[in-house]
Protein chains: 2
Amino acid sequence: MTQTRTAIMGLARRYLPILDWGRTYNREAATSDVVAAVIVTIMLIPQSLAYALLAGLPPEMGLYASILPLVAYAIFGTSRALAVGPVAVVSLMTAAAVGKIAASGSPEYITAAITLAFLSGLFLLALGVFRLGFLANFLSHPVIAGFITASGVIIATSQLKHILGVGASGQNMLEILVSLFEHLNQINAITLAIGIASTAFLFWVRKGLKPFLLKRGIKPKIADILAKAGPVGAVAVTTLGAFAFDLGEQGVKLVGAVPQGLPPLTVPSFSPDLWAELIGSAVLISIIGFVESVSVAQTLAAKKRQRIVPDQELIGLGAANIAAGISGGYPVTGGFARSVVNFDAGAETPAAGAFTAVGLAVATLALTPLLSYLPQATLAATIIVAVLSLVDFSILKRTWIYSKADFIAVAATILVTLVLGVEIGVSMGVGLSILIHLYKSSKPHVAIVGQVPGTEHFRNVLRHTVITDKTILSLRVDESLYFANARYLEDRIYDMVAKRPELKHVILMCPAINAIDMSALESLEAINERLKSYGVTFNLSEVKGPVMDRLQRVDFLGHLNGKVFLSQYRAVAELGGTLTEVAASAAAQ
Amino acid sequence: MTQTRTAIMGLARRYLPILDWGRTYNREAATSDVVAAVIVTIMLIPQSLAYALLAGLPPEMGLYASILPLVAYAIFGTSRALAVGPVAVVSLMTAAAVGKIAASGSPEYITAAITLAFLSGLFLLALGVFRLGFLANFLSHPVIAGFITASGVIIATSQLKHILGVGASGQNMLEILVSLFEHLNQINAITLAIGIASTAFLFWVRKGLKPFLLKRGIKPKIADILAKAGPVGAVAVTTLGAFAFDLGEQGVKLVGAVPQGLPPLTVPSFSPDLWAELIGSAVLISIIGFVESVSVAQTLAAKKRQRIVPDQELIGLGAANIAAGISGGYPVTGGFARSVVNFDAGAETPAAGAFTAVGLAVATLALTPLLSYLPQATLAATIIVAVLSLVDFSILKRTWIYSKADFIAVAATILVTLVLGVEIGVSMGVGLSILIHLYKSSKPHVAIVGQVPGTEHFRNVLRHTVITDKTILSLRVDESLYFANARYLEDRIYDMVAKRPELKHVILMCPAINAIDMSALESLEAINERLKSYGVTFNLSEVKGPVMDRLQRVDFLGHLNGKVFLSQYRAVAELGGTLTEVAASAAAQ
C-alpha cells in the first residue's frame with residue numbers, strides 16, 4: 001500500500017515538476033513572478049497578434065496561444081524562466097505547413113493550424129515519454145543557426161507587403177519578391193508612412209531609448225520597463241491615429257474586429273487524411289521548436305546553476321501544444337527574446353508563465369475592442385524589428401574558417417531555405433549534415449607508421465623520421481570501423497599490399513578504434529582471408545578492451561592468420577626482421 | 001595536338017576498359033570466353049524467362065534484357081567475370097515499383113518497366129561520372145543480407161501460385177499468403193504435379209546430380225556442364241509433355257506465344273509524372289543492384305588478383321540498364337549464381353558476356369516458337385530453387401552474438417520487408433542502420449582516468465587501481481566530437497562537476513578524438529565558459545595534430561580558461577596537488 005503510494009508519488013514528481021517547486025513557493029517568489037509576468041504580458045500582446053498575422057491566422061489566435069499553453073507549461077515544464085507562446089520561426093513554419101492544405105484565413109486553414117498544434121503536442125509528448133530527446137542532438141548547430149537566419153530573412157521580407165500596404169504572397173524569398181514587385185503599383189502612402197515610422201521608432205526603442213532615458217535621470221529599472229513597452233506604445237499611438245483619422249477608409253489595412261472573450265474550447269480535426277498531410281510538418285515544427293526552446297532554457301538555467309531535464313521539457317512543450325490545440329491556438333514553443341525578458345525581470349518559477357497567462361486573458365477580455373483600429377503595418381514593424389535580431393550571417397564566416405564541411409551544410413541550408421522554403425530547407429540541412437558526417441568517417445585517416453628511433457613509440461612515416469621494415473606494414477586507423485568505412489579500409493589495405501611484393505606481415509594498430517560493427521567485422525575477415533591467400537599474416541595491436549571482448553565472442557581471433565599484440569612495439573619486435581631508418585620525406589606511400 | 005590526343009586517349013581508356021583488355025585479346029582467351037558463354041547461355045535461357053515472369057512482364061522481356069545490356073557491360077564494365085542480366089531481387093523490386101503504377105502485364109506496366117531500367121541506368125551513370133560510388137558503403141552488410149533473405153522468402157512464396165496453378169497476388173508475405181489461401185480451391189492437379197516434380201528434380205540436380213554422374217564414371221567437366229543444364233532439361237521435358245498431352249486445354253498455364261526475333265528498339269517514356277513516380281524506386285534498385293554486383297565482382301576478381309574499379313562499374317551497369325531501356329528490357333544487374341558459373345567455366349574477359357548475348361540472340365531467334373508450350377510451373381520451380389540459395393537466416397544468429405545493434409537493424413529489415421514490402425524494407429534498413437550508428441556515437445564512452453602508480457599511463461578508474469586527485473577531474477572521451485554527441489559531453493561534464501565541490505581543474509584527454517566539428521567546438525566553448533564561471537580551469541591533453549590545427553584557426557585556445565598539454569602526465573604534474581591512490585572498486589563515479 002505504502003509502496004504503491006511511494007511509486008505513484010515518484011512518478012507524479014517526475015512528470016509534474018510543479019510538485020517540486022510548488023512546495024517551497026512563497027510570497028517573495030510570487031512577487032518576483034508577478035512583476036516578471038506584467039512585463040512579459042506587455043511585450044507579448046503585440047507579439048501574439050503579430051505572429052498570428054505572420055502565420056496567416058486571425059489575430060485572436062495569437063492571444064489564445066498565449067493563455068492555456070502557458071498554464072500547461074507551468075505545470076509540466078522544468079525551466080524556471082522559459083516563456084512559451086507563439087514565436088516567429090514556428091509561425092512561419094505553420095504558415096508553410098498549413099498553406100499547402102487550405103487558403104490562408106479560411107475555416108479549413110484555421111482547423112489545420114489547430115490540428116497541427118495538437119499533433120505537434122502529441123509528438124512531443126511521445127518523444128518525452130519514450131525519452132527520445134536525444135534525437136534533437138542529430139541537428140548540427142550551424143545548420144540550425146543557418147536555418148533560423150534564413151527564416152528571419154523570409155519573415156522580414158514577407159512583412160514588407162504590410163509595410164507597403166500591398167497584397168502579395170509566397171512561401172520563399174523568390175515568390176515573395178516577385179509578388180511584391182508585381183504589386184508595387186498598389187502602394188498605399190499612408191500605410192507606408194505608418195510602417196516606416198513604426199519600424200524606425202521600434203529600432204530606436206531597441207537601441208536608443210534606454211540610454212536616452214538614463215541620460216535624462218530616469219531610474220534604470222523604470223527605463224528598462226519603458227523600453228520594453230515600446231511596441232505597446234507604437235500600437236497605442238497608431239491605433240489611436242487610425243481611429244481619429246478613420247484611416248481604414250483611406251485604404252490602410254487594420255486588424256479589424258477581434259472577438260472579445262476567453263479562448264474557446266476547440267476540437268482538433270481527427271481526419272486521417274489531414275493527419276497524414278500534417279504529420280511531417282508537425283515533426284519538423286516540434287523538433288525545431290524543441291531545439292530552440294531547450295537551448296534558451298539551458299542558457300538561462302546555467303546562469304542560476306539550475307538544471308533542465310530535456311525529456312521533461314518535451315512533455316512540457318507537448319502539453320503546451322495540446323493545450324493550444326484545444327483552446328483555439330496554434331503551435332507554440334519557448335521564445336528567446338521573451339524568455340530573456342522574463343529572466344531579467346526576475347521570474348523565479350514557472351508560475352510567472354501562469355501569471356502571464358492571466359495577464360493575456362485579461363487583455364483578451366478587456367482590450368480586444370480597441371484593437372480593431374490597429375494598423376497591420378504596425379504589427380509588421382514589430383515582427384521585422386524582432387526577427388532581424390535572429391538574422392546572423394556570421395555563422396557562414398565562422399564555419400568557413402573552422403570547417404569547410406560545416407560551411408557547406410550551413411550555406412546549403414540557408415540557400416535552400418530561401419529558395420525552396422522552410423520545410424525543404426531544414427530537412428535538407430539535417431540530411432546533409434548527417435551525410436557529411438558519414439562521408440567524413442567513411443574515409444578515415446589511415447597512416448603507415450614506423451618506430452621512433454630509441455623509443456617504443458610508433459608515428460606516421462609521413463610526419464616523422466622513423467624506422468620501418470620492408471617485410472612489415474604497420475597501419476594505424478584513426479576511426480572506429482563500421483559499415484560506411486569498412487570497404488574503404490579493405491581497398492586501402494589491398495592497394496598497399498599489392499605495391500609491396502616483399503611483404504610478410506600486416507599489423508593493424510587499433511588504439512583509436514572504439515568499435516567494430518558487423519560490417520567491419522566481415523571486412524576484417526575478408527582482409528584476413530585475402531592476406532592469407534597471399535601468404536601474408538594479419539596482426540592486430542593495442543586493441544581496446546570492449547572491442548577485444550566482442551571479437552572473442554565470434555572467434556575472429558581463432559581464424560586470425562596472425563596474432564593480437566598488446567603493443568605495436570611488441571608486435572614489430574616479435575615479427576621483425578631488419579629495421580631500416582627512413583626519413584619522413586622518403587616514405588611517401 | 002599530341003597533348004589533346006593523349007588526353008582524349010586517357011579519358012577513353014578510363015571510361016572504356018575494353019580498350020585495355022581488348023589490346024591483348026587473343027585466340028586462347030577467346031576460346032575460354034566462348035566455352036564460358038555457352039554454359040552461361042544454357043543457364044540464362046530459363047532464368048531470363050522466369051525472372052521476367054517474376055517481374056510480371058512478358059517472358060521475351062527477360063530474353064531482351066539478356067542481350068544488349070550484356071554487350072554494353074562488356075564495353076564499359078571492369079569485372080572480367082561478372083554476368084549481367086535480370087536477377088531475382090531486382091525483378092521483385094521492379095514488380096513492386098511498377099505495380100504501384102499500372103496493372104501487371106498492361107502496356108503501361110511494360111512502358112513503366114522499360115522506363116525504370118532507363119532511369120536506373122541514368123542514375124548509375126551519374127553516380128559513376130561524379131564518382132559517388134562510396135554512397136553504396138552507407139548500406140550496412142547485415143542489412144543487405146537481411147533484405148536479400150527476406151526478398152528470397154517473398155519471391156519463393158510468390159511463386160507458389162504457379163506451382164499450385166492458382167491466381168493470387170500481393171507485394172508482401174501477408175498479402176501473398178492471404179491471396180493464396182483464398183484461391184486454394186482452384187488448385188490444378190496437373191500443374192501441381194509438374195510444379196512439385198520440377199522443384200524436386202531441380203533440387204536433386206543442384207545437390208545430387210554431379211556426384212551421381214561422377215559415380216557412374218562421367219568426366220568431372222562434363223558432369224559439371226550436365227548439372228548446370230538441369231533447368232534446361234526440366235524446361236525441355238515439361239514443354240514436350242505439355243505439347244504432347246495438350247496440357248494447356250486441361251488448365252495448365254503455359255508461357256504462350258513468345259514473339260520471335262531480335263529485341264525491338266524501344267523508347268522509354270519521358271513523361272515527367274512517370275519519372276517522378278519511378279525515381280525513388282530507380283534509386284533503390286540501382287543501389288541494391290550495384291552493391292550486389294560489386295560485391296560479386298570483387299569476390300571473383302580477388303581470386304585472380306584482379307581489380308574492380310567501383311566508379312567504372314557504376315558506368316558499366318548504367319550503360320547496361322540504358323541498353324535495357326532502349327531494347328525492350330527491364331532493370332538488370334550482375335547476378336551472383338551466373339557470375340560464379342561464368343568464372344568457374346573459365347571466362348577470361350568481359351567478351352564472354354558479349355558471346356553470351358549472341359547465344360541469347362540466337363535463342364530468341366530460333367527457340368521462341370518452342371517456348372509457347374512451356375508450363376509456368378516449371379519456371380516457378382526454377383525460381384524457387386534459385387532463390388532459396390539466397391535465403392540465409394544465420395545472419396540473425398551471427399549478429400545476435402556479435403552486436404545487438406546490428407541484430408536490431410537486420411531483424412527489423414527482415415520483418416519490415418516481409419510485412420510491408422521490399423521498398424519500405426530496404427529504405428528502413430538503411431535509415432535504421434544510420435540512426436543506430438549515430439545513436440551509438442551520440443553517447444560516447446567517457447571514462448574518468450587516473451594515473452597507474454609508477455608509470456606515466458592513465459587508465460579508467462573503474463577498471464584499474466590508479467592515483468587521482470580531488471581537485472583534478474581527468475576525463476577521456478573515446479569518440480570524435482560532432483553534433484550528435486556534443487551536447488551529451490556537455491551534460492556529462494556539468495553533472496560530474498556539480499558532484500565535486502572541491503574541483504579546481506578539468507582535463508579532457510583527447511587521444512581518441514579524431515575530429516571536432518563546429519557544433520562540438522561550440523559545446524567546448526560553452527563548457528569553457530561554464531567552468532570559468534564556476535572557477536574551474538578547462539584543460540586539454542594529447543590533442544592530435546589535425547584537431548589542434550583547426551582549434552588554432554578560430555583562436556579557441558586563446559579563450560581557453562586553462563592550457564593544452566602534450567601528455568596527460570604533464571597536465572596532472574603541472575596542475576597537481578596531492579595524489580591519492582584509489583582502488584578500482586572504490587572509484588565508482
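Colleague: What do the buried residues of α18(B) pack against?

Modeller: They pack against α3 (27-54), α6 (88-99), α8 (141-164), α10 (189-215), α12 and α15 (336-344) of chain B. Packing here means contact, with C-beta atoms, placed from the backbone, within 7 Å. Helices are DSSP runs of H or I with at least four residues, strands are runs of E with at least two, and both are numbered from the N terminus. This is a predicted model, where local features need pLDDT of at least 70, side-chain atom pairs count only at pLDDT 80 or more, and totals for chains, interfaces and linings use all residues. Residues are numbered from 1 along each chain as its sequence is written, and chains are lettered from A and ligands numbered from 1 in the order in which they are written.

Colleague: How many residues of α18(B) are buried?

Modeller: Twelve of its 13, including B:Gln376 and B:Val387. Buried means 20 or more other C-beta atoms within 10 Å of the residue's own; 12 or fewer is exposed, and in between is partly exposed.

Colleague: Back to α12(B). At what angle does it pack with α18(B)?

Modeller: About 165°, with the axes 9 Å apart. Axes are lines fitted to C-alpha atoms over the stretch in contact, and angles run from 0 to 180 degrees between N-to-C directions. The two helices are therefore roughly antiparallel, a label for angles over 145 degrees.

Colleague: Which residues make that contact?

Modeller: From α12(B), B:Pro231, B:Ala234, B:Val235 and B:Thr238; from α18(B), B:Thr378, B:Ala381 and B:Thr382. That divides into four nonpolar, three polar and no charged. Ala, Val, Leu, Ile, Met, Phe, Trp, Tyr, Cys and Pro count as nonpolar, Asp, Glu, Lys and Arg as charged, and the others, Gly among them, as polar.

Colleague: Why would residues three or four places apart point the same way?

Modeller: An α-helix has 3.6 residues a turn, so they do.

Colleague: New topic. How many residues of chain A are in contact with chain B?

Modeller: 39, and they meet 39 residues of chain B. On the chain A side, the largest share, six residues, comes from α21(A). The chain A side divides into 18 nonpolar, eleven polar and ten charged.

Colleague: And A:Glu542, what is its phi?

Modeller: About 55°, which is positive although A:Glu542 is not a glycine. The residue lies in the loop between β8 (537-541) and α24 (545-553) of chain A.

Colleague: Is A:Glu542 buried or exposed?

Modeller: A:Glu542 is buried, with 21 other C-beta atoms within 10 Å.

Note on methods. Angles under 35 degrees count as roughly parallel, over 145 as roughly antiparallel, 65 to 115 as roughly perpendicular and the rest as oblique. Two residues are in contact if their C-beta atoms, placed from the backbone, lie within 7 Å.
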